Amino acid sequence: MDLPAAKNLIEEYVKDLIDVCPHCGAKVHIEKLWNTHHSFSNGDVEFYVVFRCRPCNKLLLKTYMFRQNRYTNSTNLEAVGWDEKFPLTLDTELPTGDSKYIPEEMLSVR
Ligand SMILES: [Zn+2]
């Protein structure tokens with residue numbers, strides 16, 4: 001798929017999920033708020049999706065990877081799946097390398 005198709009996949013199919021909240025430590029309902037993406041020089045694309053935990057109201061960030069087909073020069077992305085989740089533990093600090101992709105207002109939303 002091309003980048004618009006990948007964006008559409010995230011927009012249309014990632015809504016609310018059941019996942020373990022790193023803040024309350026329980027398997028809970030998390031609600032998608034917002035997403036953006038970052039393209040790597042090798043063509044891979046990583047989406048950053050911000051969710052809010054319904055029970056505790058805190059934010060978490062999950063990343064979703066698309067891998068570029070190395071055998072073509074055109075955009076040909078394959079959905080790989082969820083990759084990382086932040087905060088990793090009971091920790092409200094994002095690593096600087098990750099937080100730079102998130103607008104300030106998203107980090108301060110309560
Ligand atoms: Zn929670």
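Reader: In which strand is methionine 65 found?

Author: In this predicted model, methionine 65 belongs to strand β4.

Reader: Why does methionine 65 count as partly exposed?

Author: A residue is buried with 20 or more other C-beta atoms within 10 Å, and exposed with 12 or fewer. Methionine 65 has 17 such neighbours, and therefore counts as partly exposed.

Reader: Which residues does methionine 65 touch, not counting those up to four places away in sequence?

Author: Methionine 65 touches Asp44, Glu46, Val80, Gly81 and Asp83. The criterion for contact is that the C-beta atoms lie within 7 Å. As for glycine 81, its C-alpha lies 5.6 Å from that of methionine 65, although the two are 16 residues apart in sequence.

Reader: What makes β1 and β5 the edge strands?

Author: The sheet is open, with five strands in the order β1-β2-β3-β4-β5 and antiparallel pairing. β1 (16-20) and β5 (77-86) each pair on one side only, and are therefore its edge strands.

Reader: How do you know that β1 and β2 pair?

Author: Pairing requires at least two bridges. Between β1 and β2 (residues 27-39) there are five, in the antiparallel sense, so the two strands pair. Isoleucine 18, for instance, has histidine 29 in β2 as its bridge partner.

Reader: What packs on the sheet?

Author: Helix α1 (residues 3-13) does, touching β2, β3 (45-53), β4 (59-68) and β5. The direction of α1 makes about 15° with that of β3.

Note on methods: Residues numbered from 1 in each chain as written. Predicted model: local features only at pLDDT ≥ 70, side-chain atom pairs only at ≥ 80, totals over all residues. Helix = DSSP H or I, 4+ residues; strand = E, 2+ residues; numbered from the N terminus. Contact = placed C-beta atoms within 7 Å. Axes fitted to C-alpha atoms, helices over the stretch in contact; angles between N-to-C directions.
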